[in-house]
Structures are given as C-alpha cells and as structure tokens.
Amino acid sequence: MTVRLLSPDGMAQPVPYHHVSIGTGTRQVHLAGQVGRDADGKPVGVDDLPGQVAQALRNTALGLAGAGATFADVVRLRFYVTNWTLDKMDDFLAGVARVTDELGIPQPLPPSSLIGVDVLYAPDVLVEIEADAVLD
C-alpha cells in the first residue's frame, strides 16, 4: 500500500481523521473540488448538507477511480462548507457516514481540513471537496 495513515502519541485523540499520512508512491493525483451535484449537474438537495456531502464524496470517488485510485490512496482531504457554524457538524458527519462503507472511506479519515467559507461558486452549493492521492 502506498499510503500509511497515523496519529502519533501526544497529538489530540480521538479525532475523526488521522493527523499524518505518508505517501510512498510515485504518481500523484489531485482532484479539483467536487460538489453535491449529480452527473447532469443538478444539485442533490438545496438545503441538504448531509446529502450534498455524500454526493460530493461519491463524485470524489469517481474522480479517484478515473485516475486508478480509491480512498485508500488519499493522503489529504479538504472540505469547504458554506456559512459554517459548529452546529452543522452532526449533519456534516452524517453525510460522511452515509457513504463511508459504500465508498471504502478509511475511518478515521485521512488528514483533513474543514474550512468554513461564505459562499462557493453557486448559491446552491453547500460543500466542495478536494482530494490528493498517491499511487505506485
């Protein structure tokens, strides 16, 4: 396996992601931000954060597969969420949990950042996900 995930002793535990990833492959994969829209570009739900997170992760999985990768190869995830407040955390995590088994997403997640933003490129887009992976 080209990616090793870990959370060394002395770092905050438990968290829903690993603090460190080590990629030992030779090919890098960088996915542009994926959002909660279907293949036709239609939003999966205008005010449905869990649904949009789940769909954005499905789209991320499709992008990874196109490069011959899976979530097991991911060394970094970045989540951008509009109008972020801490009370949205349960909905956000519910969206991740909805597709964890379906997509083979490691738990805890690879190193991840959740970044609150005012707005993304369209008013109906609640979340955008970027992923970086390493392959042999």
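Student: Which residues does D132 touch, not counting residues up to four places away in sequence?
Tutor: In this predicted model, D132 touches V29, H30, D73, V74, V75, R76 and R78, with residues up to four places away in sequence left out. The place of D132 is in strand β6, residues 127–135.

Student: Why does D132 count as buried?
Tutor: The relative accessibility of D132 is 13%. Buried means under 20%, and D132 therefore counts as buried.

Student: What makes the approach of the side chain of D132 to the side chain of R78 a polar contact?
Tutor: The two side chains come to 2.6 Å. The cut-off is a pair of N or O atoms within 3.5 Å, one able to donate a hydrogen and the other to accept it. The pair formed by D132 and R78 is accordingly listed as a polar contact.

Student: Why is V29 called buried?
Tutor: V29, in strand β3, has a relative accessible area of 9%. The limit for buried is under 20%, so V29 is buried. Apart from residues up to four places away in sequence, V29 touches A67, A131, D132, A133 and L135. V29 and V75 are 46 residues apart in sequence, and their C-alpha atoms are 9.8 Å apart in space.

Student: Why does G63 count as partly exposed?
Tutor: G63 is found in helix α1 and has 31% relative accessibility.

Student: Why does V127 count as buried?
Tutor: V127, found in strand β6, has 0% relative accessibility. Under 20% is buried, so V127 counts as buried. Beyond its neighbours within four places in sequence, V127 is in contact with residues including Q34, L49, V53, Y80 and L120. V127 and Q55 lie 9.7 Å apart, C-alpha to C-alpha, and 72 residues apart in sequence.

Student: Which residues have the most contacts inside the largest nonpolar core?
Tutor: They are L57, F71 and L77, in a core of 27 residues. At least two residues each are supplied by β3 (27–35), α1, β4 (74–82), α2 and β6. The largest share, seven residues, comes from α1. Leaving aside neighbours within four places in sequence, L57 is in contact with F71, F79, G95, V96, V99, L103, I105 and I129. Apart from this core lies another, of five residues, among them V35, Y80, L120 and V125. In soluble globular proteins, nonpolar side chains tend to be buried together.

Student: At what angle do helix α1 and helix α2 pack?
Tutor: Helix α1 (residues 49–66) and helix α2 (residues 89–103) pack at about 35°, with axes 7 Å apart. Their crossing is right-handed. The contact includes L49, V53 and L57 of α1 and F92, V96 and V99 of α2. Its residues divide into 11 nonpolar, two polar and four charged.

Student: What is the phi of N83?
Tutor: Phi of N83 is near 45°, a positive value in a residue other than glycine. Most residues other than glycine have a negative phi, and most peptide bonds are trans. N83 is in the loop between β4 and α2. With a relative accessible area of 49%, and exposed meaning over 50%, N83 is therefore partly exposed.

Methods. Residues numbered from 1 in each chain as written. Predicted model: local features only at pLDDT ≥ 70, side-chain atom pairs only at ≥ 80, totals over all residues. Heavy atoms only, no water. Axes fitted to C-alpha atoms, helices over the stretch in contact; angles between N-to-C directions. Helix = DSSP H or I, 4+ residues; strand = E, 2+ residues; numbered from the N terminus. Left-handed = near helix turned anticlockwise from the far one by under 90°. Contact = heavy atoms within 4.5 Å. Nonpolar A, V, L, I, M, F, W, Y, C, P; charged D, E, K, R; others polar. Buried < 20%, exposed > 50% of the residue type's maximum accessible area, 1.4 Å probe, protein only. Core = buried A, V, L, I, M, F, W, Y, C linked by side-chain atoms within 4.5 Å.
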